[in-house]
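This report is for a reader meeting the structure for the first time.

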Amino acid sequence: MPQAQHYTGRFAPSPSGDLHFGSLIAALGSYLHARAQNGIWQVRIDDIDPPREIPGSADRILATLERYGLEWDGEVVWQSRRHDAYRAVLDDLFQQQKSYYCTCTRQRIAKTGGTYDGHCRDLNLSPQNAAIRLRQTLPVYGFDDDFQGHLQANARLAEEDFIIRRRDGLFAYNLAVVVDDHFQGVNHIVRGADLIEPTVRQMSLYQHLGYPQPGYLHLPLALNEHGDKLSKQNHAPALPEGDPRPVIVNALKFLGQTLPENWQDHTLPLLLRWATTHWTPSQIPRQRANAQQM
Ligand SMILES: [Zn+2]
């Protein structure tokens, strides 16, 4: 991996709605963490699940990042244009007998306790109407998060033969994310704590594929007044139009960062530069419940 020496981070939203305050935290946190280390910061659109996508939202996300002054390096990578790469990795895994076809229904898996029991592992099923599962021989049971500390996974989750290509033919999120992060030279992943759970699966995929492992930092989640995380599913409002600086200031406060005196006198680029030079991850407030999500 040529960029292994150089910090490379990314922000990878899915175009299932507009950016909201919660996604701004992930964008800004990953941006500042990269820029504070003179690192590269890339943007990828994770448009791998067309049924969940909202037309136009990818372009609006990119326009919002620009309006908020979060300039990325290089070209935006679109997962919808990376299918050949995913297919090649799936073929490799299959040829190495690291994966297999599975025709189990959700109902069958629910009946056996909700975790997949490896039923189709040695049945040599044909591709028709089948998902592809990873033959899990390299489970990862926990990892050291740069902010959350050591996180331990549920063993059944870690050991499960998880899906890498869905029965409907769509590539699974875990597969696409790992293939693309490796392709983009990403060696540090800063994202929201809602993505802690799939991390051990992604780490095991890195091992199966022989890729070097990135570092992880999971940021606390912004919650709404009911204590639920801000998300497109629970209708978190889109970031407001107009001056982005008060919103950036709120995001910096949420991340526990100190603000310049009279930030109103700072232009947006100056405010972001100030935030970069003063970025102190140890000031990010600890939040209950993050670790319990595993
Ligand atoms: Zn099965």
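How much of the chain over residues 10-258 is helix and how much is strand, and how far apart are the end C-alpha atoms? Over this range the chain is 33% helix and 16% strand, and the C-alpha atoms at its ends lie 23 Å apart. The model is a predicted one. The range itself comes from UniProt, where an unreviewed entry lists residues 10-258 as "domain: Glutamyl/glutaminyl-tRNA synthetase class Ib catalytic".

An unreviewed UniProt entry also lists residues 13-23, under "short sequence motif: 'HIGH' region". In the model, the chain over residues 13-23 is 27% helix and 0% strand, with 8 Å between the end C-alpha atoms.

**The parallel sheet**

Strands β1, β2 and β3 form an open sheet in the order β1-β2-β3, and their pairing is parallel. At the edges stand β1 (8-11) and β3 (77-78); each has a single partner strand, so one side of each is left without a neighbour in the sheet. Strand β2, residues 40-45, is joined to β1 by 4 bridges, and the two run parallel. Within this pairing, Phe11 has Val43 in β2 as its bridge partner.

Two helices are placed against these strands. Helix α1 (residues 21-35) lies across β1 and β2 and runs at about 150 degrees to β2. Helix α2 (residues 57-67) packs on the sheet and touches β1, β2 and β3, its direction making about 160 degrees with that of β2.

**The antiparallel sheet**

Another open sheet has 3 strands in the order β4-β5-β8, with antiparallel pairing. Which strands stand at its edges? They are β4 and β8: each has a single partner strand, so one side of each is left without a neighbour in the sheet. Direction ignored, neighbouring strands of this sheet are turned by 45 degrees against each other on average. Helix α3 (residues 83-95) packs on the sheet, in touch with β4, β5 and β8, and its direction makes about 100 degrees with that of β4.

Strand β4 (residues 99-102) is joined to β5 by 4 bridges. Tyr100 stands opposite Arg133 in β5, and Tyr101 has Ile132 in β5 as its bridge partner. On the β8 side, 2 bridges join β5 to β8 (residues 163-165), and these strands run antiparallel.

Are the faces of strand β5 (residues 131-134) covered or open? Both are covered: Ala131 and Arg133 on one side are buried, as are Ile132 and Leu134 on the other.

**The zinc site**

A zinc ion is coordinated by four side-chain atoms, namely SG of Cys102, SG of Cys104, OH of Tyr116 and SG of Cys120, at 2.1 to 2.3 Å. Along the chain, these donors follow the spacing C-x1-C-x11-Y-x3-C. The angles among the 4 donor atoms are 99 to 120 degrees, and the site is tetrahedral. The tetrahedral label applies because four donors count as tetrahedral if all angles lie between 85 and 135 degrees, and those at the zinc ion, at 99 to 120 degrees, do.

| Residue | Relative accessible area | Class |
|---|---|---|
| Tyr116 | 5% | buried |
| Cys120 | 2% | buried |
| Gln97 | 60% | exposed |
| Asn124 | 76% | exposed |

**Two loop residues with positive phi**

Most residues other than glycine have a negative phi. Gln97 has a positive value, with phi near 55 degrees. Where does Gln97 lie? Gln97 is in the loop between α3 and β4. Asn124 also has a positive phi, near 50 degrees. Asn124 lies in the loop between α4 (106-111) and β5. Gln97 is exposed because its relative accessible area is 60%, and the cut-off for exposed is over 50%. Asn124, at 76%, is likewise exposed.

Methods. Residues are numbered from 1 along each chain as its sequence is written. This is a predicted model: local features need pLDDT of at least 70, side-chain atom pairs count only at pLDDT 80 or more; totals for chains, interfaces and linings use all residues. Side-chain values use heavy atoms; hydrogens and water are left out. Buried means under 20% relative accessible area, exposed over 50%, partly exposed in between (1.4 Å probe, protein chains only). Two strands pair if DSSP finds at least two bridges between them. Contact means heavy atoms within 4.5 Å. Axes are lines fitted to C-alpha atoms, for helices over the stretch in contact, and angles run from 0 to 180 degrees between N-to-C directions. Donors are N, O and S atoms within 2.8 Å of the metal (3.2 Å for Na, K and Ca); water is not among the atoms, so sites may look incomplete. Four donors count as tetrahedral if all angles lie between 85 and 135 degrees; four count as square planar and six as octahedral if opposite donors are over 155 degrees apart and all others between 65 and 115; anything else is irregular. UniProt positions are given in the numbering used here, feature names are shortened, and annotations may be inferred rather than shown by experiment.
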